[in-house]
Structure formats: structure tokens, C-alpha cells
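Grab your viewer and work through the exercises below. Each one sets a task and then walks through a solution.

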Amino acid sequence: MRAFDYSRADSAERAIASHRDGAQASYLAGGTTLLDLVKLDVMQPSRVVDINRLGLDRIETLDDGRVRIGALVTNTALASDERIKRDYAVLSEALMSGATTQLRNKATTAGNVMQRVRCPYFRDGVSACNKREPGSGCAAIGGFNRSVHAVLGTSEHCIAMHPSDMCVAMAAIGATVNVEGPNGSRDIDFLDFHLLPGDDPAREHALEADELITHVTLDAPIGGSRSGYLKLRDRASYQFALASSAVIVAVEGGTIRDARIALGGVGTKPWRAREAEQSLIGQPAGERSFQRAAELALQGAVPYRQNAYKIPLGKQAVVRNLTTLTA
Amino acid sequence: MSDNIIGAAPKRIDGRLKVSGAAPYAADHLPEGTAFGYGVFSTIASGEITRLSLDEARRSPGVIDIFHHDNFPDLHRSPASFAEGNMVEETRLPFEDNRIYYAGQFVALVVADTFENARAAAYKVKVEYSESEAIANLDQGVAAHGTEAGSSEHSRGDPASAFDGAAQRIDVTYTTPVETHNPMEMHASVAQWHDGQLIIYESSQGVVMQKGALSKIFGLTPDRIRVESPFIGSGFGSKLWMWPHAVAASAASREIARPVQLVVPRAQMFTTTGHRPETRQRLRLATDGNGRLVSLRHDSINTTSFTDRYVETCGSVTKSLYHCDNLSISHATTRVNRGTPTSMRAPGAAPGLFALESAIDEMALKAGVDPLAFRLNNYAERDESLDLDFSSNHIVEATRRAAERFGWQDRNPEPGSMRDGNEIVGYGMAACNWEALKFGCEARVSLRADGSAYVTCATQDIGTGTYTIVAQAVSDVTGLPLERITVRLGDTSYPEGPLSGGSWATATTLPAVAEATRNAIDQLKSYAVSSRGRFSGVDAGELGFENAQLVHNGERIDYVDILSAQRLASADGRAKTSGADNEYSYRSFGAHFVEVRWDPGISRLRVSRVVSAIDVGQVINEMTARNQVEGAIVMGLGMAHFEATEYDHRDGRPVNNDYAEYVVPVHADQPELDVILLDYPDYQFNEFGARGIGEIGTTGLAAAVANAVYHATGKRVRDLPIHKEKLMDDIPEARSA
Ligand SMILES: Cc1cc2nc3c(=O)[nH]c(=O)nc-3n(C[C@H](O)[C@H](O)[C@H](O)COP(=O)(O)OP(=O)(O)OC[C@H]3O[C@@H](n4cnc5c(N)ncnc54)[C@H](O)[C@@H]3O)c2cc1C
Ligand code: SF4
């Protein structure tokens, strides 16, 4: 860890202004990603702007039925909110499957959206890594890539998976990221927020310089649906997903009326599987249609040296989740 | 001896200190003026340092000094002898020269006024290397330079021809990966010098051994060195011997004339403080037509470092567990660019029994015999490797009792035949085994005028409960309640005690403590019969001692009154007891039965139930003993299907050396555990009949899991850990790297 300036903001405007002042500034929310990487010397901000006192810690239901979550709502508070548990079970379950109680108590909604990849070559501070040191290469390709690397959305420049569970649920639900910046506020569709690595893995999200996430607004729930999050890993807790699925499904008389599917652990961003969803609509809820959806969800997956198993595992996450929710 | 306190289940006497945060661990000792060290660690696995740029780091706030190979003081190497009491596993001193033998090796040490300043400056040290091709793993080592024949070999009969002529044979190879100890408490040293005397607080499983090594390295007489380790957040073997950080902290402290604290970061706990090495083990077994073993060969290779040779004695158990006239074991090593390996809970036996007990399962199947019946039919009745009787061996009873409790008779032998909803259930078993060891030990006990007893011994309590059982031993001899017994351990100014390792601390320490207590009572008696004593004129030999009282012809006097009547502070006793004799083979035995559940629809393997019966002689403390076995079983689960330290095969650098990516079992992974402690005192071994319990539970467990996995899935996994991809079907070929 290197020394940095620290300031605590009491309004969004002030926060943005002091972020703008610092050459290498970072917002500080729960700190569970930021301080970890600062201590590892992987992130080297010269200024840290503490945003914990912005009052962005409420969960509100909007008139149109959407739910607006303040950027600083903790993962614990969000997971245990009654509305979330009732209308967005998939989100509550995804949050509860992540990290540990202590981390969830600190981690925030915006911080979770913004968390960095777990790739060891990124975190070691010295390996070739296009994300950390653009143009240096990607040590994960051809190296150790069993658990925290993706099979979907990869490029020859970066194959790190997006580690979040919460974001997978949000991708399935549908959401908007509300941001404020030096030039005012704007909304970004959740699915456009995280970027594929392509040839510029250092660019991870759609935020412009100094922009601050103020809220994440969830689409209104799908009436008559059931939802759930299934996370597959080695041990039973405290591990990032090797593959996971967030599924929302509405069945009427044995026929699927609506479905939303997103995958975690396998994609370089929270992975919405639209073709898989489409294939289900109007189909009977059963093994065959689930299998077909799973095939479509993993379509185009590229297996790397040690993570080919994630392709069948991702399919299993889809099929079992659908099976349980429609049983 | 009163028999109620030995074998009872009193709570840890140091429990309150620990849970309230009052117990001082090594890094908590911060003498006035302490400076803080932070290491700079090699980022290559093999090569040389060509340039160190220190200017930016030197200018960093709070920096006091930076040590490296050009300015580190000249020290001596320790001869690294266990017998001499100066064992270290990594003999190369830190900063000896500019050579790099492994990634994560100390290349510099920054000392600053605060921990944060030291770390910030350490990140500013720039190191340039000339990198050589690294030997990244066992296969690469064997391919590059073959193996060196090992030690601890044993052979009897003619295993090769017995194999060739046998009815049924198997020839199989197993591998185990590097495992890393990962105790909760980091390795840490706080070193300070006073008038040429070194005092060091260390998280150590062996303060006496560390003192011996430091005295050789610094060229000091032992009386100039004091090592203290009152509390240890466990070690699992990684803290048996001193590692380079302790030498670095001690030397830096002397150079800057201030106390220096140095904590090894978690990432380097994987590199510079030992690990269980990678092994490859070939097992060749053969049976006659009746399913009796006629030939058994166990040949293992393990990785070691380029600086030192560590042998993982995988065949140590193989030579005596089963009856077999034609048997051989061998151990070879190959050098790789990793730090020096070391003992990790049940060294040799843990990887060795994974291989042997998997092979026994394979052999039983090949011979068409139930694996339980096969074992009962083949267990050795005496130690054929030493040609000695076992002092006490109840493995047959242990195996039968655990089998019955587990419900082995309900097992349908057909693989994959036992279903429960989405899950396929598998049953597996394995024997477990560990040598019982005992060394010389000294202890001192004072019966004090305030009614307390005060015990000192330079052994350690590494979290296992040594403080508590030492108090139990004193209570047993004196009748004093535990609250009135103060135990002090982990300090070389106390009488010499053993390493806390090898499951020998209990068997070694308790006899010395009991003897010292009896000697203190004898001194008390001599005071009592002296001219000014309360039993003046009585023959000391006629005095009894019961419940903290001296007894003579019905007259009872509290020992406090004996002492205070003469204005004496205490009656003291010392003792020095000896190690084990060679009259018997002393071993502990047991068996594990494991139920696994494989859900093929989501490729989830979990261990759902473990029943283990363990025969370790007399159990001293029911609670801490059970706790040891349960913890050992959970560690075995880690070995079975989670743990592996991964190294990049291209450059030998560790890649999952942190606590998030090195996967150990968490609470949610703990199965139902049912531990049966057989409790047959082994009085051949010592007066308490106790053989020690820390390691045996880890042995055999991984094999029991692998055998259960075979039963559930029909897949024989011979390479640990049993990751899900080893059990999945339809995995596509990797198209990219
Ligand atoms: C050991 C460990 C295990 C974990 N396991 C899991 C897991 O299983 N599943 C999972 O999903 N996650 C897991 N996590 C990640 C955890 O969820 C994230 O670290 C956490 O959500 C980040 O939130 P935070 O508030 O602490 O963010 P911070 O660390 O404060 O910030 C993270 C980043 O976001 C930026 N930022 C924060 N707030 C804003 C804002 N309002 N606008 C713009 N930028 C902002 C910061 O500048 C920083 O770059 C784990 C983390 C750890 C350390
Ligand atoms: S996968 Fe991405 S994060 Fe990892 S080394 Fe490659 S570029 Fe860096």
C-alpha cells in the first residue's frame, strides 16, 4: 500500500469534484475490493474519496413498480430486504451465496457492480496482464485458468471471468445503472454497463471519467414468476462461482410463458442468455426444453487449458435451476 | 493416581484468554521502540538478482534500513541436526547471495517505523533479475535431472518374484499435489537484543530447537538466546523449525539496535515457510488365491528444493500395516524451484496412506473381496518391519466398531447402485495409522505456599490443549483442582521440553511433569519431617500425599500449612525423563468410514458422513482429543477434494497463494462426524498409557473418500484433489490454451 490523499464527501457533487481533482482517484465504498488491491499494490490511487456519507443507502419502490437501490446499500441489507426476498428472490439468493457474512456487511451495491476480476495474474502485480498493464499480454492464457477464468466473451487479450454473483441476478432481472458525473446524470442499461474485454481489457465498464454510480434500479418483477440462483463451486461456501445461473421463469399450465436466464462464473461479464430464454417461451417446462436452452446459453463457449469443464457445468447450472423452479 | 481427571473432559484452561483476545501471540509483543519489517520477495523462481534499485524506497517515509545480499551481516549456517537440537529445513540463510531458488524467496527486507511504511517502501524496491528456466513441478524435475535415491528404505522377502507369480496383481500410480499448512496465525518474529543477548518472540512449535539453531547461526552460546512462544495460532508442522524470516528479523534487530517485528504475509506462507511436497507413488500389490497379500511394493518420489533435501516418507506406514512376507518401500526425491518442503500434519503417512489405502481398495476389488473383509484378513499382527510386537494394537476392533456404527453391511458393492434423490451415495473406508513417538523431557513443578502449583516446561501449546493436559497431570498426582494449577510453556528459560509435533508432545511431556510433581512432594515431605516441620521426627517414607495433604496415621495436614509453618515459599521438583525404548513397536491405529454424495446433475461431490474409530491408548482429555481427531478429519477432507497449491508450469511461480483461491474446507463442508475413541491405555509406552492423537486422523481419510467416490461413480481418482472435473463426463477438448 502506498500513501494516498483521503477525503470524505457529504454530497454527490462534492464527491465528484474531489474525484476530479485527484490524478488517480478512486471512490471508496465498502473497500473490500479497493483496499484489498491497494494493499497488494495493484491499484495505486493517489486520492481516495470516501462516499459512505452520501446518504445513498435506501431501497425505494418507484411509482412504476421498479425498485431503486442506493449505491451504498450493503449486500447484507439488500439480501435481507423483505421486498427483495419476496419479488426478487434470485437477487437475494445471489447475494447470500457470495463471499462471507463479514464481507457482505461491508460490500455495497455499487462496489459489487464495480468489483475487479480475481485472476491471479492480475492480482500478483507482476505477470503479463493486459488489464493491469495494457499491451503486456495475458498470462492466464496458457497458464493456470481453472477456476476464475471464463469460457464466454473471452478474447485473445483477456479471459478473466466477472466474479460477481449479484450482477448475474441483476442481468437476469433487468436493471438500469444511474450515474452522476461532471456533466450531470445519466442512465446506463445494466447489460451495457460491463464491457467485453475485446482488445482493451483495461476498459471494464461504461462509466466516463469521474462518474459516480448513485443507484441501481431494478425492472419491475415479472408477475407470476419464480426465481432462483444456483451457484456451483468446489466448497460449499466462500468461493467464487465456477458456474452459476440466475433464472426467472413463469409457467402457465405447464407451458413457459416467460423466462430470464443469466450465467455467472463462465462469462467475462454477467452473461445474459437471450437465445436460451427465447427458446423456452411457449415450450413445455421439461427436461428437453431445458437442455436445449442450456445448449444455447453456452453457445460459442471457448474452453481454455483447464476450464473446459465449465461448459458442461454451466449447462447443468441452467438445467437444474429451471428444473427446481418449475417442479 | 486418581483416575477421574485423566480421561475427563475439562475445558481448556487458556480458553478464556484466547476468546477474549488477551492471549499474546508472537506479533503482539511490541517492546518499546519496535521497528517493523516487510519483505521484498522474488518474483521469479530461478535465476539471479542483477540489480537492486533502492533509492526510491530509501526516500519513502519512515524507512530505517533496507537489508539485502550486499549488506546483510555475515552469519553461519545451522548444521540442521535434529539430534543436536538445531534442526532447520531451509539451511540457506536469507540474503546469502544473489541467487534465486524459488519464487517468494526473500530478496530484501525493509525496516521502518510502522508496518504500513515498511510495506509501502518494500513495494518501491525495484529488483532486476536474470531469469533461468525454472523446474516447475515433479514431472519437469524428473525429466530434467532424474531422481536421487532416498532414505528410510526397507525390504524383506522377494517382492518382485512373488508379484510375478501371484494370482491377482495391480500396478498403479497415485499423485498428490503440494499442500500448504495455512495456520490462522501468520509466521511472525519479534526480535530484540540486550547486551549481546537475543530475545525472540516467535510463533513456534519448538522453542528449544529454534534456540539451538539461532545459537549456531549467530555463533552465540545458548544461554545468550531466549525464544518465547506462549501462544500459537497453530502450525500443522510449518512452525516446527525456524524459517528465514526469523534469522532476518534477528539480524536486522541487531544491526539497527531496535526490536524488529516481522510477519510473513499470507502469500509467502506458501513459499518461504515450507509445504507438503508433491508426490508420485507407484504401488504394486499382489494376492494369492485366498485374497492374502503376497507382494507389496511402494515406491515414491517427492519434490524437494535446490537448497535442501526433504524426504516425504510415504512408505513409512506401508512397511508394517499389513502382513506381507515380500515387501519393499523406497523414497526418492527430485529438485524443483520451490522453497524447501517440510512436515505437514502426518508427514509421509498422509500422502502415503492415500496411495496405499486406495491401492488396497483396488486390490480387494481385483481379488473379488469386500474391502472391509480384505483388510481384516490382511492386517499385520506384529510389526514385520522391525520384527517386534506392537505394544498395543486394537485395529481389528476399531475397524469392526466403526463399520458397525457406520452401517457398512448396508453397502451394495455395485458402483453407482445406491441412489438418494438426485444423489448417488458411495461408501468407502480406509485404515489409519501413525507412529507413537516419545523423547526426553524436563519439567519443573512448584507446590507454592499460596496453595497453587506452578509448572514450567519449554514445550508449547499449539492450540491442541497442552496447557490443559499438563494441569490435568499435576492434578492427577496432587489432587489439586485445575484452577489452582498454573502452567507456563513456550519459553526457553524453562526446563527443556519437546517440539510440539509428531503427536509426541503428550506422551513426552506428561511423564516428566508427573515425575517433577512427585519430586516436589518428596521435597515437601523432607521439609515436613525436618526438625522444624509439622511431622518432625517421622520417617518421610511413611508420609502419604492425598488431595493436597500430607497424611500420617490418620493425621492430615494441608501442604500450605506445612510450608507456611516453616515460612517456606514452595516445595519444588524437577524431572528429566527419557525417550521410548526399543522393546516394542509403538503405533496408533484406526479406521475411517466415509459416505460421499455425488450429484451428477450439477457435478457436486460432498462428503456427508464420517465415522472413525481411533486407538491411541489412554485419552487424557476427552474434549481436546476428540477435537484433534475431528480437526484432522476435516484436514483430510481438504486433502481429498479441495487443496492444491498450484504453480504455473511455465515459470514455476505459485498462482493460488492466497486464502481465497487456496481452497480449504469451510464450516459448510463439515460432514456429520462420529469419532469413537477406543481408550485402551498403553502402559508399555508411558505411565499414562497415552500415545498421542494429533495426526492419525488425517491419515487414510483421503483414501476413504476416494474409495467412496469410486463406489458412487465407478471412477477411480488416483490424483488428488478429487476435483469435480475428474468425475464429469462430456468435457470438451480445450481448443485454446
Ligand atoms: C475474499 C473475498 C471473497 C469474495 N467472494 C465473493 C463472491 O463469492 N461473490 C461475489 O459476488 N463477490 C465476492 N467478493 C467481492 C465482493 O462482493 C466485492 O469486493 C464487493 O462487493 C465490493 O464492494 P465494496 O463496497 O466493498 O467496494 P469498494 O472496494 O469500496 O469499491 C470497489 C470499486 O468500485 C468503485 N466504486 C465503489 N462505489 C462506487 C460508486 N458508487 N460509483 C463508482 N465507483 C464506485 C471503487 O472505486 C472501487 O474501484 C469477494 C471479495 C473478497 C475480498
Ligand atoms: S485474463 Fe485478463 S486479467 Fe487475467 S492476466 Fe489475462 S488480461 Fe490479465
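**Exercise 1. Work out how much area chain A and chain B bury between them, and which residues take part.**

Step 1: Start with the area. Chain A and chain B bury about 3,600 Å² between them, with 55% of it on carbon and sulfur atoms; buried area here is the accessible area (1.4 Å probe) that two parts lose on being put together, summed over both. Keep in mind that this is a predicted model, where local features need pLDDT of at least 70, side-chain atom pairs count only at pLDDT 80 or more, and totals for chains, interfaces and linings use all residues. Side-chain values use heavy atoms, leaving out hydrogens and water, residues are numbered from 1 along each chain as its sequence is written, and chains are lettered from A and ligands numbered from 1 in the order in which they are written.

Step 2: Now the residues. Chain A puts in 45 and chain B 42, contact meaning heavy atoms within 4.5 Å.

Step 3: Look for charge pairs. There are three salt bridges between chain A and chain B (a side-chain nitrogen of Lys or Arg within 4 Å of a carboxyl oxygen of Asp or Glu). One salt bridge joins B:Asp599 to A:Arg320, at 2.8 Å from N to O.

Step 4: Sort chain A's side by class. The residues that touch chain B split into 25 nonpolar, eight polar and 12 charged (Ala, Val, Leu, Ile, Met, Phe, Trp, Tyr, Cys and Pro are nonpolar, Asp, Glu, Lys and Arg charged, and the others, Gly among them, polar).

**Exercise 2. Find how H10(B) and H11(B) are oriented to each other.**

Step 1: Get the geometry. The axes of H10 (residues 349-367) and H11 (residues 371-378) of chain B come within 9 Å and cross at roughly 105 degrees. Axes are lines fitted to C-alpha atoms, for helices over the stretch in contact, with angles from 0 to 180 degrees between N-to-C directions. Helices are DSSP runs (H or I, at least four residues), as are strands (E, at least two), numbered from the N terminus.

Step 2: Classify. H10(B) and H11(B) are therefore roughly perpendicular, the label for 65 to 115 degrees.

Step 3: List the partners. B:Glu357, B:Ile360, B:Asp361, B:Met363 and B:Ala364 of H10(B) meet B:Pro371, B:Phe374 and B:Arg375 of H11(B). That contact has five nonpolar, no polar and three charged residues.

Methods: Parallel < 35°, antiparallel > 145°, perpendicular 65-115°, else oblique.
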